[in-house]
Amino acid sequence: MPPRKGLRPETRKALREWYAENGRDLPWRRTRDSYPVLISEIMLQQTQVATGLPYWLRWMERFPTIESLASATEDEVLAHWQGLGYYRRARNLHEAAQKIISQGWPKSAKEWRQLPGIGDYTSGALASITLDEPVPAVDGNVERVFARVERCRLTGGKLSAEAKVWALGLVPNDQPGDWNQAMMELGARVCRPRFAECDVCPLSPDCQSSHQADRHEYPVRIKSTKTQQVERHHAVFVSEGAIALARIEPGAWWEGMWEFPEVAAPMGPVIARERHQVTHHRIVSHAYVVSDQPTGSRMFELAQVAELAMPAAQRRLLNSVLSELK
DNA sequence: AACTCGTGGTC
DNA sequence: TGACCAAGAGT
């Protein structure tokens, strides 16, 4: 492994100036208040910011403080997370909130790291932003910037480990949170996955891939698994303005949430159909009207259904079913 | 270390 | 359409 050249002081200064001009308009990132930063860090992981923002706004209305989150039930938490995906994150966040209530707010990255759902990235982001601790926050953006700047061809955990060493050597004592956010914003806006705009990049003078034709080949991609097709069938039973739903069993996708009762095989004409994707599975869900209440299901008034946690595809299926039955 | 989790957008 | 991607963590 060749030694890292790192970034010269004038280049680091250029990045901070770039961020001061271009990166400060994220409304949820301007506070040192731990709670909103915690929510945004957890909620927006693996989610497009534009998608996540409305969720964040609604969340902060429903759970404005760490106390309100800690005292909510898990069903309430899931109901307000629904549609975002990665529901385990919501459960971990809920558990973390309860630990924070009993133990107090973490006082270092190491303490943040102990909480469920808080890994290397999130602990670094939270400690640098809310505590001014000079620790790096290495997400996919920073890994990509690192891979291009240093022309590193590692993948997976090895790339991640190298990027963390690199980032640790760069993070300043002065405003480390802004530095980390600058690195991430640079990756999101300039050193983008499919195109690196080297012309406007403040790191360009010290980047080994700058303006090179192969710069988009970093980081090296791992070939993905082929997607499988999955067919699912669901019973629609409506009676006296109520509809039958079943709680999803432990171990299944979306465990603990609610969906139309699943049946093994088609049951007559399809009245609604939705498709969606989970990892490398493409799922097509079909809905059929049945005349008896499926075993294991519960009846809900439509007003109640609005407050249940349902997978996004089941929520869409419900809307199609309701418009079909009108 | 590879695999898994959810979803919506992009090209 | 379909593969790829996005402020990762847990197993």
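Residues are numbered from 1 along each chain as its sequence is written, and chains are lettered from A and ligands numbered from 1 in the order written. In this predicted model, local features need pLDDT of at least 70, side-chain atom pairs count only at pLDDT 80 or more, totals for chains, interfaces and linings use all residues, and side-chain values use heavy atoms, with hydrogens and water left out.

Me: In which sense do strands β1 and β7 pair?
Reply: Strands are DSSP runs (E, at least two residues; helices are H or I, at least four), numbered from the N terminus, and two strands pair if DSSP finds at least two bridges between them. β1 covers residues 228-236 and β7 residues 281-289, with nine bridges. Glu 231 has Val 284 of β7 as its bridge partner. The sense of the β1 and β7 pairing is parallel.

Me: Which elements each supply at least two residues of the surface near DNA strand B?
Reply: A residue is near the strand if one of its heavy atoms lies within 4 Å of it. Tyr 86, Tyr 87, Trp 253, Gln 277 and Ala 312 come nearest of the 18 residues around DNA strand B. The elements are α6 (87-103), β6 (272-278) and α13 (312-325).

Me: How far from a phosphate oxygen of DNA strand B does a polar side-chain atom of Trp 253 lie?
Reply: A polar contact here is a pair of N or O atoms within 3.5 Å. Thr 279 has a side-chain N or O atom 3.2 Å from a phosphate oxygen of DNA strand B. For Trp 253, the distance is 2.2 Å.

Notes: A polar contact is a pair of N or O atoms within 3.5 Å; within protein, one must be able to donate a hydrogen and the other to accept it, and residues adjacent in sequence count only if both atoms are side-chain atoms.
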